[in-house]
Structure formats: structure tokens, C-alpha cells
Amino acid sequence: MYTSGSTGEPKGTLTMHYNITRVVKKPNYIQFSTKDRILQVASFSFDGSTFGIYGALLNGGTLVLNSQDQTMNARELSSVLRTQQITKCFVTTALFNALVDVDPDCFATIETLLFGGEKVSVSHVRRAFARLGPGRLIHVYGPTESTVFSTYYHIDHLDENANTVPIGKPISNTKVYILDQEQHPLPQGVAGELYIAGDGLVKGYLNRPELTEERFIQSSWVPGGRLYRTGDWVQEQADGNIEYISRIDDQVKIRGYRIEPGEIESHLLKVDDIQQAAVIAREKEAGQKQLEAYFTATKKLTADEIKTALSIKLPNYMIPSFYIQLEQMPLTLNGKLDRKALLALEENMHGGAEYVSSKPGLETKLMDIWQDVLGVQQFSVLDSFFDLGGHSIHALTLMSRMERAGYHATLTDIYHYKTIRALADYLHSTQNNIVGSKKQQDIIKTTQELISWLHQETDGVYELVKYQVRDFIHEVRDIQVLYCDTVADVNHIMRIMDGKITQELLPHYIVPLHQKAKMADLYWTMDEEVFFQRLGLKSMDLDQVEDLRKLLEDDYLKKDQWIKTGAVAQEYPLSGIQQMQNSFDTPPSLGIFRLDECVNYDFLDQAFAHFVQSQGLLRSVPVQRDEWTYWREYVPSSDGLPKLNIIDVSDYNPCGPITDMINDYVTNTRFAEEHTLFHMFVLKRNLREHYVITIYHHAICDRVTSEVAERQLVACYRSLLQNRPLPTDEVKPYVEYVNLIQSGPKGITEQELISAFNLEAFQKSKQNVFQAPNLRTSTEAYLFNVSIPAENPSLEFALSVYTRGLQTYLGMDKLPLLFLYDGRRYEEAAYYNTAGEFIDFVPMLIELKQNPDEMMQSVRSRLELLKHYTINFMHLLTSPDYKDKWERARTLAQFGKQYEQLDLFMFNYLGNSAKADSKYSNYYDETIIKQPNPLPIYSLFNCIASSYTDGLIFSIRCSYEIEVEEVRAAFYQAAGMASRIGEV
């Protein structure tokens, strides 16, 4: 089982069977029975999962499983609790609070509800207790090191003046002690550190003997001879129950992360002009915490300025939500910082934006709701929901509160319209504002209403059933099937439903009622191939598929020809990275996003036209000039742009021949010189699902480009649907970026650049690798993945695992690494709304003797040099304009004439590369692929690190002879994990 500390690095705990059986076999805090239906909520990577799994299976009960999406969505989870008639369940305190906010009646069938893991919210407990009554709520406590639960408290009554709920008394075969600093027992009412003993204690930490010795103390006077020191400050009440007070150290736990405020303070003091700084975690009424920064400075500083500076060094969850500038810090009588006085300051907090008060009416009503949900009293209508401390559970509560007040907004709306001003404008401009709107009051919002209404309209019998289906891009989503007993015209049914029902109720498929029998046993997530077969969808024949392929090819040529009918606006050189990509003959990049709705094709075509007109590279073709390639940018007429091609396969099984054709078209498309380098089309898979698919040449696409396309197309499409003005976000032209990097490097000499990036040592280390006797190039490239579970899969953690893993496998102390920088920010210019290839390969010599913090600081400091001095290595080292002035730097970086020595070691961190709440297990593939080298480059370890909610996947390409399983074992060891073929 795994837990994490303040760094987020996984700590394996050696958990034994007897640790778990004490929790689920005849314990003193709960009674299991064969009639139990226990819902499994926690990830099986964590100890909380063993309560559900073994509580059910070792006691003859029923274990009920649910998906990650349902767990993360309190509305979905409440529905599972109801429909599956759950009798017992353990949830985290945060999820418990969300369920109480959204649907407290969902606990109706639950005999015992356990919650814990964070400081309790008494107000939520009161509301749950009012519904459940005595004997059904248990507040539990226990670190992973003592396996699931250590103490419990039955909530049989709740005093009117209670401001906390005890963590109670020890469970079976467990002892707890409250000790002072000398480890002497303390009497009732005196606070001290909580120590735990008994059968729950794990053997220790995996491969961490020093930490095991520090936290697990040998003691002859306790059962088992060992004590675990929790670091929690508690006291025993008069009735023998234990009350949790706080952490002993300065760590605070916010949204699952343990954070050291002192570390944030040290970074604040490094910000220019800040003289003093203090960070506190303020606890709100619901028991949730937010970070607040207090500081003095030599001049007035804005919250945005400070956030920008901190974001360079700290992850998002360590950046305070509020900033308060003081003339001087409050001090106690003995001259120390008075943190209690800081907690008393609640005025003049700012989340980042200038203060603008709410307008009367809708903004004021939204302000009241936000203040209550977020627990913040004064902020601007221009402050971001997330800057104010909001997160996913807050968003769910906010959505529920807005619905009760008469305002309908989805979670996507809240994430997109992040400020009160933006959200109010959105609600004003749509019919979602249902106050006084009879039309909205008449819209059908429930399944029962829909079925009844359809019966009245058509005399048919209908059923609407929701299934969970895993699609071709490994995402699990809800698919709704409307069954009917008549041979109905699907288009007729869709027409009569248009405008009468909410979008959420619209079906993906309408099929005969008799097909429902074939789906009767499909209660859980299924692969889409199985789903389509059971639904009775037929495959498209090969001739039809070939016709679709021809339509796609003709559609590309038609759009390409239309663009080139325009006038030539300008010509300018490709950037260095584009020149390299243009020289390779490789499969294109793929961008894809889904619209799950009945799409207005006219508006989608207009959004597509707007996107193409705003992005210069989408209207450009490459032309060869001497030893370099140039862009020729066209400005076609605003009229006559061909529409998006809709590939409608909604009447067929989209798997099999259709999917094979799309994959083949994507893989084998090659863009010729003097032709446009992208093709966008839409795949309509059913009545609602539309996949917008774009094929890009690598010269105009990096990861951000796909995000830009989705963001701008969807924003424009939504604006047209809502009759709002089109978005006016600035799109900087790519030519401006090329001119900028051509003007650099600025303010730095060649020798200073060589020294700053240690290029001489970089080149020497690279030569040593080439001369290593045990490394031999291969005629084939190995492609394989390594998965690493992690609660906080950050860049720091990913880079540490990659470098330490290679250190273990190769026995190296220095790594000549090419670090991929997104390349979209130089000086004061940023290009995050522009489509194009911006990435840069930055040579960095990584000292493997450094600890992870030192290594990451070294990387970040060199990335800052790129921005400050306008250094773009790919342009500097490839463009003929730099042959003379920067010849030595070009030689030392040693990319090779045909880039053959480019990425000996390359590291590319993609961050959250999957959709929200996606698990790496949905994407991980252990297959080892051998194929001919696709490029002239001989990669030793070319690595792309992708992060998911529960870990990382390292995708590695290698053109040398290696032992893949030994590489994987080295990575597991670097992450502090047991080898998957060795220890358990």
C-alpha cells in the first residue's frame, strides 16, 4: 500500500494480511453480515480499499464496484448509493461533505456510513445526523502506517455547542497512547502526540530503513514492541474519547497534499521587493483550508505578479489563493510573528484581479452563493473561482446551490466561465437563466417525465437506459439508449424532442425495445465493441468504407485549393524546429475532441472558418528556397470556405472497418510541399457524439496546438449558439514568434551561453556515452512503457524517476539530457493562443548526485535564461544565419548533420495529458514493440512522461540494444517501488 509525504514521492508500506484482518474480521467498531452490500470507493492502491474489498468478501457480503468517474462526481455516487442499495460504505471527509451538500437522502439504505481522513466539518455531520439518526455514522481515523483505521467514534448524539467530532477510541487489537516529548504518558485533558501500537502497524517503509527507524519506535512496554509516531496533536476527553487538534509540525493538508508553509515563505522571500513573508492555512466553516500569504514589500505588488513568480518554482497546490500586503508584520510581546493576529485579518484579501464589486441583481446573487460555498467574504467579481481556493468538490456544490437558486450551469460552464462576471454574462445571454422563464419551466428534466411525454406524443412505450462504455481513446463515458416498442422514425423522435428536453436526457441511440434483453446483464463498464454488438448495430461494408475514404481525400484537396485561391500575404522562414520536422517523413500528429450533444452544423462550420482565418499557419504552405524552407501565407476570401466534412456513421457499428479506415488514413497521410499541412473533419458516431478530428503535420503542431484548436473552436461555437459576440482573445501571429527568436540571443555572449548551459561538459559526457563499450546501436527501435503510481505525478517527481532510473541502469553520474521546453514564452511575449510548433530542445547536463529539489531548481534556472535572453537552441543550432557567430556552441551541442545525434537522452513532460480524472491503468500497455527506426535519429532513451490522476506513464523509444525489463526495474527502484516481478 502507498502513502505520500510532503514531496509527493510515493512511500511503500509493507502491509501484512493480519494488518487488514483486524479491520474486517469481528472488529469492535462495526458488525458485518452476509446481507451487506458494501460499496468500494477508494483506489485499490491505497489502504482504505481493503475495508470494502475484504469487509465484503471475508464476511459473505456483496462487493459493489463503481467507476472512477462515479467516485469523483458526488451526483453520480449518490445515485449508486441509492440504486445499488448500499448498506455500508467508507468515504473521505471531503466526499462525505459533498454528498451531504448534493443529496443527503442518498444515505437512506445505509446502515453504517464511515468517514474520515481530514478534519471534520461539524455542520455537515449535523445535517447527515439529522437524516440518519444515531447508530449509523462512524467518524474514523488512521494513517496508512497503521492500516485503514486506528480509532473510531460512533456518532449517537451531537451536542448543540460542539465544534468538533472526536476520533474516538482504538479499534480491535490496536492501542493508542498520548505522550509528551520524552515519550511519557499524559493525563486526560493534556495535549500531546498520538502514538499507535498493535496488529495494525505495517512492517515499515519499502527500501526506506532510515525513515522506518525514525517513525517506528522500539518499545518494550507496548503490545508488539513497536510504536508508530503519527505527528498528530491530540488530547483525551473526560469520557475517554480522543480529540484531534492539529499536526505537530507546520504541515497542513489541503486537498490531499501535505504542505509546508515555511517552504512557500522561503520562495516568497526570493520574490523581488518582498521583505517579510508569512503563509497560513485558514480553515473555513466546512473544515476546508486555503493558503493565504501575508507580506511586506518596498513597493506595491499585485497578487498576479507574486503568483507568476511563485509558479516558476512551486506546483499549483502550493501557491496561495490570497495575498495581503501589510505595512508591518504583527508581533507578539516577545517579538515573534503573531500568527493569531494574521488569522484575525480577513479584509483586503485579493485572489489576483483588481477589486470590482458586484452589480445589483444576478452578480450579487452569485456573489452570495460563492461566498457561502468558498467561505470567502470579500473578493472581486473578476477573481477566478480557482484562485479563490475552489476545486472540483466546491464546483459540484456551487452547481447544486445555483440550481436551487434557479440558475442552471454545468461543471464545464463553471470551469470555463471562471469569474462571477463571466458566469453572470453567460447566464444572461442564454435561456439557462430560468428565473421567470416559462419556457424553461416547461422543459422536461427527468427520465420519468420524458417517458411519459413521449408516450403521450406517439402512443409508444419507451425506456431510457444509461450504460458506461469505454471508447476507442480509452475514456469511459455514459451512453444513453432510448428503447421504443414501435418501428419509429429516429429523425422524427429527435425532432419532437428538440427544445423540449434538457441536453442531458437526449439519447445517443434509439433502438427497438426487444434489443434491451440483450443488454440485461451489462451493469458495469464495457468495451464499446461489446456494447455495439449487443445493441444490434451492423458493420459497414468495405465498399462504403472505401467511399468514405475517398470523401476524406477529396475534402482535403478541396480545402487546400480554396486556401491557395487567396492573395499571398507574406513569406517568412520556418523556425528551426519546423525545419527539422519538415525534413522527416513521419506519420502526422492527431488532435481529437468530442462534442456530446446534438450539434448545430452551421455554427460549427462558422467556428471552423473563424479558427482558420485567425491562425496564419493554417493558411500557409511550405516552399523551398536554397538551404532553408519558407512559409507562404495566404489570405483567402471570407466567403466560400468549404464546410467541415461530417462522416456520419451513426447507423452503423463504428468499430471494425470504419475505425480501421480512419486509423489508416491518419497514419498514412503525408503532406506534400506547397500544400496546407492540416485536415480537420468530424466523425458522427451516433445521434449525439461528434469527434472533431484533425491531422497535423508536425511542423504546425505541438501539444498546445491541439488544446488551442479545441479551446478556440468550442468557445466560438458556444458563442454562436448563445447569440453572443465571438471571442476576442488575442492570437499572436507565428511570424512574430519567428522574428523574435531570429533576433536572439540577446544580452549574452557565446562564451556566457556555453558556460551557463555547461556545454563543454555536456559534449564530453555525450562523447563518453558514444564510446561506452556496452552500448551498441540496433537496427530496430524499441518502444515500451513504464508505469509508476503516484499521488502527485509532478514534473519534479517524473524527472527524478527518469534520471535516477537511468543512473541505476547505466551507472552514470552525469546525464547529457535534451529537455523539451514548450518554447511559447520569451521576454514579455507569450504565444499560448497560437497554433504551431514551438518546442525547443534544451541541452542540459544533469548532475545525478543532486537531490530532486536541487536538480529541479537547476533545470528551472536554465529555462529562465531562455526566456530572459531570447535563446532558442533549435534555431540557434540549425539556422544558417548563425554558422559563424555561434559555431562553437553549435559544435558542443552536437546534434549531428541529419539530427542523428539529437536525442541521445530526451525528456518531455506532458503534464496532465489525459482528460480529467483519468487513471494511468486505462492507458498503460506493457507491450514491447520493435520496429525499423522511423527517423535518422539514434535515441538511447527518448522519453515522454504523461501524468494521470494516480500516476505516470513513461513512453520510451530506444535505438540501442537494451534489456527492457531491467530498465523497468530500475525505474521502479527509482520511484521507491518494489519490482513487479520481485518483492511484494
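Guide: Leu450, Trp453, Leu454, Glu457 and Thr458 of helix α16 are in contact (heavy atoms within 4.5 Å) with Ile493, Ile496 and Met497 of helix α17. Helices (H or I, at least four residues) and strands (E, at least two) are DSSP runs, numbered from the N terminus. This is a predicted model: local features need pLDDT of at least 70, side-chain atom pairs count only at pLDDT 80 or more, and totals for chains, interfaces and linings use all residues. Residues are numbered from 1 along each chain as its sequence is written, and side-chain values use heavy atoms, with hydrogens and water left out.

Visitor: At what angle do the axes of α16 and α17 cross?

Guide: Axes are lines fitted to C-alpha atoms, for helices over the stretch in contact, and angles run from 0 to 180 degrees between N-to-C directions. Here α16 (residues 447-458) and α17 (residues 490-497) cross at roughly 115°, and their axes come within 12 Å.

Visitor: How do strands pair in a sheet?

Guide: Strands of a sheet pair through backbone hydrogen bonds, either parallel or antiparallel. Two strands count as paired if DSSP finds at least two bridges between them. In this model, an open sheet of three strands has the order β24-β27-β26, with antiparallel pairing. Its edge strands, β24 (567-573) and β26 (620-625), each pair on one side only.

Visitor: How many bridges join β26 to β27?

Guide: Six bridges join β26 to β27 (residues 628-635). Pro622 has Trp631 in β27 as its bridge partner.

Visitor: Which helix lies across β26 and β27?

Guide: Helix α20 (residues 576-583) does, running at about 100° to β27.
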